[in-house]
Amino acid sequence: MTDEGGTQRAPLFDRNGVPAATATSVDVDTAIVLLGAGVTAITHPLLYVKLLIQVGHEPLVPTPGTTMFGRKVLYLPGFFSYARHIVKVDGKRGLFRGLPPRLVSSAVSTVVRTKVKQVVPREDVEHVSNRDDLKTSLRKVVRETSHEMLVQCLSRIATHPFHVISVRCMAQFVGREVKYRGLLSCIIKIFQEEGVSGFFVGLVPHILGEVIFLWCCNLLAHFINTYAVDDNFSQAPAVRSYTKFVMGIAVSVLTYPFMLVADLMAVNNCGLAAGLPPNLPIFRSWIHCWKHLSAQGQLFRGSSFFFRRVPIAKATVALE
C-alpha cells in the first residue's frame with residue numbers, strides 16, 4: 001500500500017481481514033506458546049524425577065562413599081541413575097508421564113498472562129540509579145512487583161488444576177496405579193471424589209512461595225543495584241542486568257520448601273500409594289505438612305539431583 005507521495009505503508013489488514021496489529025500479536029502469542037511447550041517437554045524428565053524424590057520414592061539402593069574430608073556416607077542415586085530406572089520400568093516414553101497436563105498448563109499460563117497484561121497494563125518503569133532518587137525508584141519497583149504479583153497469582157490459580165493432575169499422574173509410578181489416565185477422565189474423577197476444592201490442593205503454599213520469591217528477588221536486586229553498584233563503574237549496566245538473575249537463583253533456594261509442600265499436598269490422601277502411609281502421613285493442612293518435613297529435616301528434599309545423601313540417622317544405622 002502506498003500513500004499519495006508514493007511512500008510504502010504497512011497494510012492495515014491482512015488477507016483474512018484481520019487488523020495487521022492484531023495478527024502480529026496473535027503470531028507472537030502463538031510463538032510463545034509453542035516455545036513454552038517445547039521447553040516444558042524437554043525439561044519434563046527433570047521435573048518427573050524431582051517429583052518422585054519429593055514424595056520420598058527411593059527405589060534404588062544407596063551406594064557407600066566418602067566426603068572430601070574422609071567421612072563415610074551413603075549416596076542416593078542421581079538424576080541419570082533414576083532416569084535409567086524409569087526407562088527400565090516404563091520405557092523411554094515413561095519419562096514423559098504427566099506431560100500433557102503440563103503442556104496445557106503452559107499454554108493456559110501464556111494466555112492468562114497476555115490477557116491480564118492487556119487488561120491491567122504495567123506502567124513504564126524507568127531505571128533510576130541515583131541514590132537521591134531512592135524513594136522514587138523504590139516506589140517504581142513496588143509498582144512493578146505488584147503488577148508481576150497480580151499476573152503470577154492469576155496465572156497460578158488458572159493453571160493449578162492442571163498442576164495437580166500432572167503431579168498425580170507422575171506419582172502413580174510409585175504404586176503402579178492407573179487411576180489417573182487422560183486429561184478429561186482425571187478432571188471428572190477429581191471432581192467426583194473431591195469436588196472443586198480437589199483441583200486447588202496445595203495452592204496456598206504455591207502462591208506464597210511465588211509471591212515471596214518475587215518480592216525478595218526484586219527488592220534485593222533493587223537495593224544491590226542502588227547501593228552496591230557505583231554509576232561510575234564502566235560495567236555498571238552489565239552488572240545490573242545480571243543482579244536480578246543471580247538474586248533469583250539465591251531466593252529460589254530459600255522458597256523451595258513452599259514448592260515441596262505444595263507438591264506433597266497435591267498428592268496427599270488422593271488414593272495413590274505415594275500420598276498414603278507408610279510413604280506419607282495424612283496431613284490436615286499444608287502447615288501440618290511443613291511441620292512434619294521440618295521435624296524430619298526434609299524441607300529441601302528433592303532440591304538437588306546430584307550428591308544426594310541418605311539422612312544422617314538412617315545412614316548411621318546402615319553403615320554400622
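This is a predicted model: local features need pLDDT of at least 70, side-chain atom pairs count only at pLDDT 80 or more; totals for chains, interfaces and linings use all residues.
A residue counts as buried when its relative accessible area is under 20%.

The aromatic part first. The structure holds 7 aromatic pairs. Take F79 and F80: their ring centres are 5.2 Å apart and the planes stand at 70 degrees, so this pair is edge-to-face. Is F79 buried or exposed? F79 has a relative accessible area of 11%, so by the 20% cut-off F79 is buried. F80, in contrast, is exposed, at 53%.

F79 also pairs with F305. Here the ring centres are 5.7 Å apart with the planes at 70 degrees, so this pair is edge-to-face as well. F79 sits in helix α2, residues 79-90, while F305 sits in the loop between α8 (286-296) and β3 (308-309), so the contact ties together parts that are 226 residues apart in sequence. F305 counts as buried too, at 18% relative accessibility. Ring pairs join F79, F80, F305 and F306 into a cluster.

Now the pocket. The largest pocket has a volume of about 1400 Å³. How many residues line the largest pocket? The lining has 42 residues, and those nearest the centre are Q152, R156, H206, E210 and M259. Helices α1 (20-54), α3 (99-119), α4 (134-175), α6 (203-228) and α7 (236-267) each supply at least two lining residues. Helix α4 gives the most, with 12. By type, the lining divides into 19 polar, 14 nonpolar and 9 charged residues.

That is what I have for today.

Terms used
Residues are numbered from 1 along each chain as its sequence is written. Side-chain values use heavy atoms; hydrogens and water are left out. On a 1 Å grid over the protein atoms alone, a cavity is a set of points where a 1.4 Å probe fits but cannot get out, and a pocket is an open set with protein on both sides within 12 Å along at least five of seven lines; lining residues have an atom within 4 Å of a point. Grid points are joined across faces, edges and corners, and a volume is the space filled by probe spheres set on the points. Helices (H or I, at least four residues) and strands (E, at least two) are DSSP runs, numbered from the N terminus. Ala, Val, Leu, Ile, Met, Phe, Trp, Tyr, Cys and Pro count as nonpolar, Asp, Glu, Lys and Arg as charged, and the others, Gly among them, as polar. Rings of Phe, Tyr and Trp (its six-membered ring) pair if their centres lie within 6.5 Å; planes under 30 degrees apart count as stacked, over 60 as edge-to-face and the rest as tilted. Buried means under 20% relative accessible area, exposed over 50%, partly exposed in between (1.4 Å probe, protein chains only).
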